[in-house]
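Please read the following briefing alongside the sequence and the model.

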Amino acid sequence: PLGILFLGEWPSLLGLAGVLSLLIGPFFLGKESMSWLNGWQRIFQERGSIFILVAAFLAAVGVTITKFSFRYVPPLQFAFYSLLALFLLTTVIVIFRGVRVRILFSLRAAGAGLAFSAGQVMHFTGLSLLLAVYFISLKRLSIVFDVFFGRFVHGEDHFRERLIGAILMVLGVILIVIG
């Protein structure tokens with residue numbers, strides 16, 4: 001709703017159905033049974049639910065503010081200055097707390113840095129090209145990769161139930177693309 005209120009971005013009906021499918025799909029991801037009610041009840045029984053709901057709201061606010069800023073600043077310039085500001089703020093906090101940081105350069109660190117940088121470029125460029133509601137929904141699709149990594153890399157159980165949730169999410173993306 002923030003994209004509609006502050007950016008004037010209205011999804012199509014199919015796009016809205018896709019967003020709802022992407023919202024419903026994750027309820028299957030952590031389940032051992034197929035009870036819908038069980039998934040909804042567990043959201044509010046878990047201790048961290050309020051924190052993650054607040055985090056989700058703050059992420060939506062962040063996406064909306066970022067998308068609004070693109071009216072005045074190009075996406076990569078915004079990414080550069082916002083990440084620079086976060087780096088400087090974090091550095092100041094670390095210095096004032098007296099934390100000793102040992103920086104080692106390694107190929108792993110360089111690879112992680114390159115992957116993070118590429119991710120940020122894709123993040124801000126993608127946001128500049130999509131409606132905010134679609135961007136947030138499509139970004140959640142990363143959970144689909146987690147389902148497969150969980151099964152084939154970590155040997156997690158309940159793959160079928162999680163695959164159903166992942167399929168619902170992929171169907172949501174298809175509806176967004178069609179809409």
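Read along the sequence, the protein chain follows the pattern α-α-α-α-α-α-α-α-α, with nine helices and zero strands; helices (H or I, at least four residues) and strands (E, at least two) are DSSP runs, numbered from the N terminus. This is a predicted model, in which local features need pLDDT of at least 70 and side-chain atom pairs count only at pLDDT 80 or more, whereas totals for chains, interfaces and linings use all residues. Residues are numbered from 1 along each chain as its sequence is written, and side-chain values use heavy atoms, with hydrogens and water left out. Of the 179 residues of the protein chain, 27% count as buried, where buried means under 20% relative accessible area, exposed over 50%, and partly exposed in between (1.4 Å probe, protein chains only). Among contacts (heavy atoms within 4.5 Å) in the protein chain with a separation of 6 or more, 75% join residues 24 or more positions apart.

**Nonpolar cores**

- The largest nonpolar core has eleven residues, including Val19, Leu22, Tyr134, Phe159 and Ile176; such a core is a set of buried Ala, Val, Leu, Ile, Met, Phe, Trp, Tyr and Cys residues joined through side-chain atoms within 4.5 Å.
- At least two residues of this core come from each of helix H2 (13-24), helix H8 (142-152) and helix H9 (159-178), and H9 gives the most, with five residues.
- Apart from this core lies another, of eight residues, among them Phe124, Leu127, Ala132 and Phe135.

**Packing of H4 and H6**

- Helix H4 (residues 49-69) and helix H6 (residues 107-129) pack at an angle of about 70 degrees with their axes 10 Å apart, the axes being lines fitted to C-alpha atoms, for helices over the stretch in contact, and the angles running from 0 to 180 degrees between N-to-C directions.
- H4 is therefore roughly perpendicular to H6, on a scale where angles under 35 degrees count as roughly parallel, over 145 as roughly antiparallel, 65 to 115 as roughly perpendicular and the rest as oblique.
- Val63, Thr66 and Lys67 in H4 meet Phe124, Leu127 and Ser128 in H6.
- In H6, the buried residues are Gln120, His123, Phe124, Gly126 and Leu127, and they pack against H4, H5 and helix H7 (132-139).
- Lys67, placed in helix H4, counts as buried at 13% relative accessibility, and, not counting residues up to four places away in sequence, touches Leu7, Glu9, Leu127, Ser128, Leu130 and Leu131.

**Helix lengths**

- Helix H5 (residues 75-96) has 22 residues and reaches 32 Å from its first C-alpha to its last, close to the 32 Å expected at 1.5 Å a residue, the expected span being 1.5 Å times one less than the number of residues.
- For the 23 residues of H6 the span should be 33 Å, which agrees with end C-alpha atoms that are 33 Å apart.
- Gly98 follows H5 and has a positive phi, near 75 degrees.

- Leu14 lies in helix H2 and is partly exposed, with a relative accessible area of 39%.
- Leu14 and Gly179 are 165 residues apart in sequence, yet 4.6 Å apart in space, C-alpha to C-alpha.
- Not counting residues up to four places away in sequence, Leu14 touches Leu175, Ile176, Ile178 and Gly179.
- Val177, in helix H9, counts as exposed at 65% relative accessibility, and its C-alpha atom is separated by 8.6 Å from that of Leu14, 163 residues apart along the chain.
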